[in-house]
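The report below describes how parts of one protein chain are arranged against each other. Please read it alongside the sequence and the coordinates.

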Amino acid sequence: RAVAMSVSHSSRLNKLVREQYMKLPQDGLVQVTYVWIDGSGEGVRCKSRTLDKEPKSIEDVPEWNFDGSSTAQAEGSNSDMFLVPVRMFRDPFCLDPNKLVLCEVLKYNRKPAETNLRHTCKKVMDLVKDSHPWFGMEQEYTLLGINGHPYGWPDNGFPGPQGPYYCGVGADKVYGRDIVESHYKACLYAGVKICGTNAEVMPSQWEFQVGPCEGIEMGDHLWMARFILHRVCEDFGVVATLDPKPMTGNWNGAGCHTNYSTEEMRREGGLKHIEAAIEKLSKRHDYHICVYDPRGGRDNSRRLTGHHETSNIFEFSAGVANRGASIRIPRQVGQDGYGYFEDRRPAANCDPYAVTEAIMRTTVLNESGVETKDYADH
């Protein structure tokens, strides 16, 4: 039986008509799309303006503002919020010379908005820059129809059990590859450091990887990759959810596994530094769980059950090549004696700024307990 796919009305508009307008010359003017994180800490928003020449660096992009009362970031009586440009990318939707610009959000008093986690992350990354922290984050996500049902699943019932879908090929094994490949190309064009993609264990679930990125660059590139994903999905009329457990039952959840190393871990004999870092993480498990999803661990509690390639949320564990552990040391790293390790705890909807900042606070700045230090005055 043919299944009617649940896609949005706008995706059915004639895209060839749009192409006619996209080809029109701009006479030296440039469209810049400002992108920011909204009051949910998960959603992204955007709006565009015209500049009279192509910006060559982030300093050429002016600050702007928006109505924070419409994004759950301010009250209506004092609603203007500042958009401060922090990183610029090429625009894969409107093409050169147009730009996408990631922004920090500041309140009326120029203090960071509550969901502006980049602000403290940047401070921490500046403090630890001599350790040259590299990150790679593996963003899992699930494609849904606009009815909220996983894209390509039967209207009534479920697909066959997990097994043939991971890295699968074939119309009966993967759903939505057009979206995945379009997103990959769009990220490459934009200058996002995307480094791979694959179909995941649950059907209609996918993953892309971003990295290696150093310091604050990790959060910047992952957030822009997420924006591009949502924007590509909009064209196809489907929804990408970062929910850590979109389907209850015997289905894999969605994480954002975080690969990490410092310069000394990457050098000969680095394994002892990797093991020292894991020892520090083991003593601060509760703190990390709290910052690894936007709801203080409540989202992750649905995912980190000890089943479906996860560790138990209440226990810290580490092992070589163990996908059921909190921390996995890749087998090759164990053999070489240097390299990186993978923190498998972050949820798919984590804020990468919060995750990378927490890892640096614990492993390099040697913080302990659940409180964090304020380095503002140092």
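## Domain interface

Between domain 1 and domain 2 an area of about 2100 Å² is buried, 66% of it given by carbon and sulfur atoms, where buried area is the accessible area (1.4 Å probe) that two parts lose on being put together, summed over both. On the side of domain 1, the residues E42, F89 and F93 lose the most area to domain 2, and together they make up 31% of what that side buries.

Domain 1 covers 9–115 and domain 2 covers 125–364, with bounds from an automatic or database domain assignment. Contact, meaning heavy atoms within 4.5 Å, joins 21 residues of domain 1 to 25 residues of domain 2, while the C-alpha centres of the two domains lie 26 Å apart.

## Salt bridges

Two salt bridges are found across the interface of domain 1 and domain 2, a salt bridge being a side-chain nitrogen of Lys or Arg within 4 Å of a carboxyl oxygen of Asp or Glu. The side chains of R295 and E42 also form a salt bridge, at 2.4 Å from N to O.

## Helix packing

Helix α2 (residues 118–127) packs with helix α10 (residues 352–363) at an angle of about 35°, and their axes are 9 Å apart. R118, T120, C121, V124 and M125 of α2 meet Y353, T356, E357, M360 and R361 of α10; the residues of this contact divide into five nonpolar, two polar and three charged.

## Basis of the values

This is a predicted model, in which local features need pLDDT of at least 70 and side-chain atom pairs count only at pLDDT 80 or more, whereas totals for chains, interfaces and linings use all residues. Residues are numbered from 1 along each chain as its sequence is written, and side-chain values use heavy atoms, with hydrogens and water left out.

Key: Axes fitted to C-alpha atoms, helices over the stretch in contact; angles between N-to-C directions. Helix = DSSP H or I, 4+ residues; strand = E, 2+ residues; numbered from the N terminus. Nonpolar A, V, L, I, M, F, W, Y, C, P; charged D, E, K, R; others polar.
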